[in-house]
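Hi everyone, thanks for making time.

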4 protein chains.
Amino acid sequence: MIKCAIIGATGFTGMELIKILVRHPGVRITHLTTRQDTPIPVRNLIPVLPPGIDLEIVPYSFTDVKKNADVVFVCLPHTEAAETVKEFRRANKIVIDLSADFRLKGLKEYERWYKVEHPCPELVKEAVYGLPELYREKIKQADLIANPGCYPTGVILALAPLLKNKLIERDSMIVDAASGVSGAGKKLDPATQFIELEENYLAYKVNKHQHMPEMREVLETYSGAGISLTFVPHLLPVKRGILATIYLQRRKNVSARKIEAALKAAYDKEPFVRLRPEGNFPALRDVQGTNYCDIGFTTDPQSDRVILVTAIDNLLKGASGQAVQNMNIRMEFAEDEGLKLW
Amino acid sequence: MIKCAIIGATGFTGMELIKILVRHPGVRITHLTTRQDTPIPVRNLIPVLPPGIDLEIVPYSFTDVKKNADVVFVCLPHTEAAETVKEFRRANKIVIDLSADFRLKGLKEYERWYKVEHPCPELVKEAVYGLPELYREKIKQADLIANPGCYPTGVILALAPLLKNKLIERDSMIVDAASGVSGAGKKLDPATQFIELEENYLAYKVNKHQHMPEMREVLETYSGAGISLTFVPHLLPVKRGILATIYLQRRKNVSARKIEAALKAAYDKEPFVRLRPEGNFPALRDVQGTNYCDIGFTTDPQSDRVILVTAIDNLLKGASGQAVQNMNIRMEFAEDEGLKLW
Amino acid sequence: MIKCAIIGATGFTGMELIKILVRHPGVRITHLTTRQDTPIPVRNLIPVLPPGIDLEIVPYSFTDVKKNADVVFVCLPHTEAAETVKEFRRANKIVIDLSADFRLKGLKEYERWYKVEHPCPELVKEAVYGLPELYREKIKQADLIANPGCYPTGVILALAPLLKNKLIERDSMIVDAASGVSGAGKKLDPATQFIELEENYLAYKVNKHQHMPEMREVLETYSGAGISLTFVPHLLPVKRGILATIYLQRRKNVSARKIEAALKAAYDKEPFVRLRPEGNFPALRDVQGTNYCDIGFTTDPQSDRVILVTAIDNLLKGASGQAVQNMNIRMEFAEDEGLKLW
Amino acid sequence: MIKCAIIGATGFTGMELIKILVRHPGVRITHLTTRQDTPIPVRNLIPVLPPGIDLEIVPYSFTDVKKNADVVFVCLPHTEAAETVKEFRRANKIVIDLSADFRLKGLKEYERWYKVEHPCPELVKEAVYGLPELYREKIKQADLIANPGCYPTGVILALAPLLKNKLIERDSMIVDAASGVSGAGKKLDPATQFIELEENYLAYKVNKHQHMPEMREVLETYSGAGISLTFVPHLLPVKRGILATIYLQRRKNVSARKIEAALKAAYDKEPFVRLRPEGNFPALRDVQGTNYCDIGFTTDPQSDRVILVTAIDNLLKGASGQAVQNMNIRMEFAEDEGLKLW
């Protein structure tokens, strides 16, 4: 039995991890921690859990967690997570960090977007980007896994095979994405009150979202050169899920068949990527509550454009589901253990 | 007092017209008709209306309507509207057609998208496209006004000034739009049931929507040459409103200031277009229940792209509000008479 | 032109008042105030308003408001409103208070439910309960109008005629009510976040809601003796509207006809109460966006029970609409001036 | 491995059964049938299911199903189910019927409410009412299990212990319930369109719902005499879940402690009933996606009333979850096998 700790267990990603891990047959949750002062019974926070589950979320103590955890999931806010990650890496724990703190290799980009100097640059090199479909072999060896952001997960999965196979123009990437409100986290905010969001829809952080450098950095390893990326996220009046519609210019003589072949070659054997036949597109509800990334595509001969639609559950494949997928790979469980969700 | 008839008054656009016209000080509703067999009291259909309003929607009779109407609003489905429009034009009535039947000048395009030969091509030439901000002078004289489609309204208003001033590349237009469910009309459909749509979001008719030729035809009069347009509409779990995010390539040396200047020149004096300062974007709720089209924009120096966001209420500026605006222009009322909605 | 001030204009009831009063032909808004430090353009707060409306909400200054207002709407939280009301009454202004501070005649009940001693008991006697259908004559003379609570409005309108005519048992009143989230006010609260409320429904303050003494006090003036009232409010995943389902024991030999007759006698000429025929019940959407209170009823011969359903828009008939209705009565406007809303 | 068939697998209860049974370790689904003409891959209907699941829903053939099924779940509409149940009982299959056809022992009540003569009265006697918490011993032996209705499940569980222990007045039962829209089934209906239901709330079938005789018949076995029951269901703008608020008159000298003791005695060891401490009430979201029935209560000393709130997921504890719970009991699986849902 692997012993797991969740640091920052009261947020949405922490709660989702709890829901998955209490049912994972190879795992025992040994610690759930919070920055608050008083313990919180897990069942108060997640009332759908069965009465038998008597776990408590307790005030954080590094010493306590250290004693009895093999894997530590860090679910703290960006820029706060790094210090905690460092502590646990020093104590030689396997860390899966759900924050953005170790996703970017470029320290300057990190500073630019998160407005702080990186607190432990030495660990950045060690960190492996936890997108299993692209980095599975590295994840198997990694002791620090930087779990991808929600928007980047779907977008990178759709684009990497096309860039790698040189099917699309590097300077043509436009991503129009829409996310459910859980992506904004649990913090109280007028914009995520029911009265503000119900019946509403809006673009936000237009071409200024902090997930842009993450997408760019990973995608450039596939394009082999600089890419131009336009990214406009939107806020949906739904709880969970991200649907991204991606517009690309295809390179000369690239047929729909080639696009499909590249995607198939990349994902045909992947347990959590489901490719649609050309012209068939996923809806949010096809992936909500699951760890799947669904991808559909079509081509427009008139404009030489390729249109892709990808859908994920932002809290699962876009966060906690993917974190467990990473843990499964690292700890040699079946990759879908605990993730047969529907 | 102008006498108005609404043909097809039980659909969403008909209902919305009723709500506006019962309060319009210069208008009397003389006929509300339906293809159904039995009369329907308006207040059963629209329970928020006050008890004093005793109008009935009655089975359609051309002869009855003809006797006592100056302006006829036709709210019938595409391909069914044309014959009715023809009848009323022969009887010399002023017709405002909310269907798609007289929007396209190109008869072949009409046939291609609506799968029928146009039933009265001779009237197509007479019809004036009812987008007041662009065709006000023609509307003043028109006896047949083709009220624009919901998606085209917001998109054309955003793009026409930029094309006209040659600020953007003709082959670079990508429109990602999201509509509330009233855009689909009142017909029962599994896709618009609550259980299917709540918490859902999806792309539909990807690059195949029947509003594409309408946008293209109008925009090409501004570009002076062929344009390339990619259009992906999405269905939102909201009742009303369309938000379109538009991605364009700007031409060489075109600054944000020039974009702003072109939009300002076009709309500064318009009562129903509200321009935002650069980097400020409208949300759906800013326009719901109003006849406004709100437009925001920004530029991305890195990719030389322009991003525009436009928002309208699809049933008002995208349909019935615009129809009344057209009537006001044609009948020489103040243009915002009956349209001070919020 | 009557000069109106709104104290506390940034909350939901203040905003709703603004939307009504800017269109009211007999009124000019002279002051909109907030407890915040910096002025807020009204159109930032209510983006649907037309560009022409340049009102600002400014930091509160008694002296400023006093100089130039005939009617003062006080939209402050309970227990904070009373002092402000007192100031304006001393300055001889007509005050319409939307808080709970002057609704209860019983000072002990006030203390018991609001946990503070009443700050100006001398004004309590002067205050008239602003339910026009029951207290119109007094409202005409009143200088301090205590605008009713949202739940009490619908419930009292349904029950008063039945109690007055001795048709129902005084000890049998059960009110099961469900409210949209705007009833909770604008304060940030985890319970009213989208993620918490969407797809949810719950009972709250079960038989402990602060509107209970208000209902009881008014209803006892009609029963002439103590009543027993059970009241369970529920929170709905909707923005606005209250629907209350009321269960009563009828007195011996009371037929459905008698119930109907009593309701008809009370409301047949009322502009804002709409009675349904027996067995026909209002839905929330029938009244949303209007100042109506819709009432339906039926009887159950087997159990001798009467079931009533009443629906209002909590921000209109349940707050700001009713406040304007009161102002119209007091200032001798037509009672529905500014309130033809739909 | 138990072989299971689902007759009528395309409806909401059929789909929910599929989702549970594909994960049930003791069960193999051998047949999924529909009244439609063409086969439907299960994954088209339920896209969240994993790619490995290749089940098809095929046109119904009694002969085929008969050959290879131990347990037959009948998910057909009321009055259509009975004939199919009869066929399978004749073929000696264990039948779990999710329709209303075998819930009522009183044939006259059946006729009165369902407007048809019962097609196989001889089987009515054999049928066991499938509410495990009350009828577990009988269910163990039953070959025809009449799975309870959604509203009756929560209401009967709350009331049976109180009636049995003579704590409440038999003539005082008022049930105010609110259901998500899935309770209405999959049939297209204007009332369940998104545009009609979003932001709406309404009472329907006021004191005329067909679940009333089912509640009354079961509850009278506990009261030992006639009861008076008032029942008003409401439609919520949510997908799933039922919350019922129940108002009762307690008998003389019945304390809150006695109420609590009776409920505890009944449910303390039940895996799927969760009792709250006095004054603590469940919300819909506490049970959505689970097989739990949560019950909260309080007493009102002033009026001698007891208030109960019960919450279930109408498709799980109110239908398919309970059906599997019944199968588990009958086939000697652990009672919660396949039902650890959250």
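This is a predicted model: local features need pLDDT of at least 70, side-chain atom pairs count only at pLDDT 80 or more; totals for chains, interfaces and linings use all residues.

Okay, chain D to begin with. Find helix α8, residues 150-164, and helix α10, residues 212-223; these two helices of chain D pack at an angle of about 15°, and their axes are 9 Å apart. Angles under 35 degrees count as roughly parallel, and that makes α8(D) roughly parallel to α10(D). As for handedness, α8(D) and α10(D) cross in a right-handed way. Who is doing the touching? On the α8(D) side we have D:Y151, D:P152, D:V155, D:I156, D:L159, D:A160, D:L163 and D:K164, and α10(D) answers with D:E214, D:M215, D:V218, D:L219, D:Y222 and D:S223. Sort the residues of that contact by class and you get 11 nonpolar, 1 polar and 2 charged.

Now hop over to chain B. There, helix α8 (residues 150-164) and helix α10 (residues 212-223) have axes that come within 9 Å and cross at roughly 15°. So α8(B) and α10(B) are roughly parallel to each other, and their crossing is right-handed. The α8(B) residues in this contact include B:V155, B:I156 and B:L159, and among their partners in α10(B) are B:M215, B:V218 and B:L219. By class, the contact of α8(B) with α10(B) comes out at 11 nonpolar, 1 polar and 2 charged residues.

For another kind of angle, look at chain C. From α8(C) you have C:I156, C:L157, C:A158, C:P161 and C:L162, meeting C:I259, C:A262, C:L263, C:A266 and C:Y267 from α11(C). That contact has 10 nonpolar residues, with no polar and no charged ones.

Let's move on to where chains meet. The size of an interface is often given as the accessible area lost when the parts come together. Between chain C and chain D, about 3200 Å² is buried, and carbon and sulfur atoms give 54% of that. C:E199, C:Y201 and C:R305 lose the most area on the chain C side, together 21% of what that side buries. Each chain puts residues into this contact: 41 from chain C and 41 from chain D.

How many salt bridges are there between chain C and chain D? The count is 2. One to look for on the screen is a salt bridge joining the side chains of C:R285 and D:E196, at 2.8 Å from N to O.

Then there's chain B with chain A. The contact takes 41 residues from chain B and 41 from chain A. The buried area is about 3200 Å², with 54% given by carbon and sulfur atoms. In chain B, the residues losing the most area to chain A are B:E199, B:Y201 and B:R305, together 21% of what that side buries. Across this interface, 2 salt bridges turn up, and the side chains of B:R285 and A:E196 meet in a salt bridge at 2.8 Å, N to O.

Last stop: over all chains, the structure holds 80 salt bridges.

Methods. Residues are numbered from 1 along each chain as its sequence is written. Chains are lettered from A and ligands numbered from 1 in the order in which they are written. Side-chain values use heavy atoms; hydrogens and water are left out. Axes are lines fitted to C-alpha atoms, for helices over the stretch in contact, and angles run from 0 to 180 degrees between N-to-C directions. Helices (H or I, at least four residues) and strands (E, at least two) are DSSP runs, numbered from the N terminus. Angles under 35 degrees count as roughly parallel, over 145 as roughly antiparallel, 65 to 115 as roughly perpendicular and the rest as oblique. A crossing is left-handed if the near helix is turned anticlockwise from the far one by less than a right angle, and right-handed if clockwise. Contact means heavy atoms within 4.5 Å. Ala, Val, Leu, Ile, Met, Phe, Trp, Tyr, Cys and Pro count as nonpolar, Asp, Glu, Lys and Arg as charged, and the others, Gly among them, as polar. Buried area is the accessible area (1.4 Å probe) that two parts lose on being put together, summed over both. A salt bridge is a side-chain nitrogen of Lys or Arg within 4 Å of a carboxyl oxygen of Asp or Glu.
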